[in-house]
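Hi,

Here is the structure I promised to pass on. Please open it first, then read my notes below.

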Amino acid sequence: MKTKKLINEGAAAVDEMLAGILAAHPRHLRAVDGSPRSIVANHGPRAGKVGLVIGGGSGHEPTFLGFVGKGLADAAAIGNVFASPPPDPIIECAKAVDGGAGVLFMYGNYAGDVMNFDMAAEMLAMDDIEVRTVLTTDDIASASIDQKERRRGVAGNVFIFKAAGAACDLMYGFDDVERVARFANERTYTMGVALSPCSLPQTRKPNFEIGADEMEIGMGIHGEPGVARGPMRSADEVTSELVSKILEEMKPARGDRVAVLVNSLGSTPLMELYIMMRKLKTMLDDAGLVIHLSLVGNYCTSLEMAGASVTLMHLDDELQRLIDHPCDCAMFRSGEGLA
């Protein structure tokens, strides 16, 4: 049995999606001439501003395309489903957003992305474009705390990119933009649960197997193995486990402020996310933490996978200002605070 998808040909799905996004959001986005996988903000790049280029595989929408716009990322290089973009579209993104102040690459810590973005950076250096890289590593289930540098980047990208993009928009120098990006990553923690697999457009077959009455804590957004598989549990039990693991590592003090994201992995509906948010709020209240901002919905998905993740960003005054800084993207906007 193949899964049902509203697509034409599987191999054309990414390019047809990009054409549709450009048709829907011409005020925000354009493709670089001759490089259709290089998507640039119409109002983001400008002279003297550090350029922010994000990117990675398709299938996680609105990550990455949804976060390209004024006040956030200047461009996104797009790969095939769950696959890194090759160096060429990354290079074209960087050239398109280079304002003479340097270009920051930000993306999740996955081997293919690291290889191709590093190759692009080396080639851009030959054109005298300075590139620096900050990897996102917010998935606390993907490696132990003593190996944090091996962790994957997942839904926490929305907060990490947001802080870095605001620093760029406020015309921070390259050193300070890099500092903010690294600090935002260090202060962001995510953990998720998968309930059912997704299927790639090319195969339309589940990319892993899980029992009808099973769930897996810590599974990655491409189906990478988690930390524990077992019988289905209630929303309160699952939320309690995810949040407890995050708070154990975060070690906040009473009165500290956080930004919160309850994210669907694709097919989990808002009803279930808000049930999780209810439990999360109770737990943070009990811990004496103040929710400065909460987001609930689809922010970093895995095609139609069922499941959810919880992200907390541990705020200080600077991160709070940057998170609140206005942005205007195709699928994500904020005024005084994120909406």
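Which side chain does K49 join in a polar contact of 2.6 Å? The partner is D74. Keep in mind that this is a predicted model.

**K49**

K49 sits in a loop. That loop runs between β2 (35-41) and β3 (51-58). Is K49 buried or exposed? K49 counts as buried because its relative accessibility is 2%, and the cut-off for buried is under 20%. Leaving aside neighbours within four places in sequence, K49 touches a set of residues that includes D74.

**N157**

N157 belongs to helix α4. Its relative accessibility is 2%, so N157 counts as buried. Which residues does N157 touch, not counting those up to four places away in sequence? They are T63, F64, T136, D138 and K162. I also looked at N157 and I54. These two are 103 residues apart along the chain. Their C-alpha atoms are separated by 9.8 Å.

**The two domains**

Now the interface. From domain 1, 51 residues are in contact with 54 residues of domain 2. Between them the two domains bury about 4,200 Å². Of that area, 64% is on carbon and sulfur atoms.

How many salt bridges cross the interface of domain 1 and domain 2? The rule finds three. On salt bridges, look also at E318 and R179, which form one. Their closest N and O atoms are 2.9 Å apart. As for polar contacts, 25 residue pairs are counted between domain 1 and domain 2, with both residues at pLDDT 80 or more.

Which elements give two or more residues to the side of domain 1 that touches domain 2? They are α1 (13-24), β4 (69-70), α4 (157-169) and α5 (174-186). The most comes from α4, with eight residues. By type, the residues on this side of domain 1 divide into 27 nonpolar, 11 polar and 13 charged.

**Where to look**

For a quick tour, start with the K49 and D74 side chains. Then go to N157 in α4. Finish on the side of domain 1 that touches domain 2, where α4 gives the most residues.

Best wishes

How values were computed: Residues are numbered from 1 along each chain as its sequence is written. This is a predicted model: local features need pLDDT of at least 70, side-chain atom pairs count only at pLDDT 80 or more; totals for chains, interfaces and linings use all residues. Side-chain values use heavy atoms; hydrogens and water are left out. Contact means heavy atoms within 4.5 Å. Buried area is the accessible area (1.4 Å probe) that two parts lose on being put together, summed over both. A salt bridge is a side-chain nitrogen of Lys or Arg within 4 Å of a carboxyl oxygen of Asp or Glu. A polar contact is a pair of N or O atoms within 3.5 Å; within protein, one must be able to donate a hydrogen and the other to accept it, and residues adjacent in sequence count only if both atoms are side-chain atoms. Helices (H or I, at least four residues) and strands (E, at least two) are DSSP runs, numbered from the N terminus. Ala, Val, Leu, Ile, Met, Phe, Trp, Tyr, Cys and Pro count as nonpolar, Asp, Glu, Lys and Arg as charged, and the others, Gly among them, as polar. Buried means under 20% relative accessible area, exposed over 50%, partly exposed in between (1.4 Å probe, protein chains only).
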